[in-house]
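Colleague: I would like to learn how to read a model like this one, feature by feature. Where should we begin?

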Amino acid sequence: MKFEEDTFFQINHDKSLERLKQLINKQVVLEMKNRGNILFVSGKLLDVFHNMIYLREYDLSQNKDLSFDDLDEDIKISNIIGIEEMGMKKDFNNRYLNQMCEITNIYGKTIEGVVTGYDGLNILMDCYKNNQLLSTSYPYGLIKKICMLK
């Protein structure tokens, strides 16, 4: 399986106040640190303060269209690694499930792996990184193209 460095999983690292203010009231995905782990958080950016953002996370517990619930959260800007506006896509094709695929993100970076699931926002996949199996997820709104490999 091909893994194009670590850059496939990185998103826009510009978290300046000017850029964050341009993302207010838009759907975004955050790459952030949380207790030593890196995770993606999706939601609507509601406001920006000098060292915090106010985000309404998506509620994926509903088994219907994406909706918001009461998951409003203050997040320290220092905990954010990257932030990107995320287009909402709902056209995931189940034929990719359990298939070896090449996935290209909006930055043109590619990764090969087995698509193991889709939770309404993220594609779940297994890929190899440094000869170790990595089970991970990636925001579907940041994916440009998926191709099945033979």
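Modeller: With the elements: helices (H or I, at least four residues) and strands (E, at least two) are DSSP runs, numbered from the N terminus. Ser42, for example, lies in strand 2. This is a predicted model, in which local features need pLDDT of at least 70 and side-chain atom pairs count only at pLDDT 80 or more, while totals for chains, interfaces and linings use all residues. Residues are numbered from 1 along each chain as its sequence is written, and side-chain values use heavy atoms, with hydrogens and water left out.

Colleague: How many helices and strands does the protein have?

Modeller: One helix and ten strands. Along the sequence the pattern is α-β-β-β-β-β-β-β-β-β-β.

Colleague: Where is confidence lowest, and where is it highest?

Modeller: The quantity to read is pLDDT, the predictor's confidence in each residue, from 0 to 100. Strand 4 (residues 67-76) has the lowest confidence, with a mean of 68, and helix 1 (residues 17-22) the highest, at 94. The average for the protein is 83, and 87% of the residues score at least 70. Where pLDDT is low, the predicted coordinates should not be read in detail.

Colleague: Back to Ser42. Is Ser42 buried or exposed?

Modeller: Buried means under 20% relative accessible area, exposed over 50%, and partly exposed in between (1.4 Å probe, protein chains only). Ser42 counts as buried because its relative accessible area is 8%. In the protein, buried residues make up 37% of the 150 residues.

Colleague: Which residues is Ser42 in contact with, leaving aside neighbours within four places in sequence?

Modeller: Contact means heavy atoms within 4.5 Å. On that basis Ser42 touches Val28, Val29, Arg56, Glu57, Tyr58, Met86 and Leu121. Across the protein, of the contacts between residues at least 6 apart in sequence, 53% join residues at least 24 apart.

Colleague: How should I read aromatic pairs?

Modeller: Rings of Phe, Tyr and Trp (its six-membered ring) pair if their centres lie within 6.5 Å; planes under 30 degrees apart count as stacked, over 60 as edge-to-face and the rest as tilted. The count here is eight aromatic pairs. One of them joins Phe8 and Phe9, edge-to-face, at 5.2 Å centre to centre with 80 degrees between the planes. Phe8 is buried, since its relative accessibility is 0%, and Phe9 is buried at 12%.

Colleague: Why is the pair of Phe40 and Tyr138 edge-to-face?

Modeller: Because their planes stand at 85 degrees, with the ring centres 5.7 Å apart. This pair links distant parts of the chain, 98 residues apart: Phe40 is in strand 2 (residues 37-48) and Tyr138 in strand 9 (residues 132-139). Both residues, Phe40 and Tyr138, are buried. Ring pairs link Phe8, Phe9, Phe40 and Tyr138 into a cluster.

Colleague: In what order do the five strands of the open sheet run?

Modeller: Two strands pair if DSSP finds at least two bridges between them. The order is 9-8-7-6-10, with antiparallel pairing. Strand 9 and strand 10 (143-148) are the edge strands, each pairing on one side only.

Colleague: Which details of the pairing can be read off?

Modeller: Strand 6 (residues 100-105) and strand 7 (residues 110-118) are antiparallel over five bridges, and Thr104 stands opposite Thr110 in strand 7. Strand 8 (residues 122-129) is joined to strand 9 by eight bridges, also antiparallel, with Met125 opposite Thr136 in strand 9. Strand 8 and strand 9 form a hairpin with two residues between them, and Asn130 in the turn has a positive phi of about 55 degrees.
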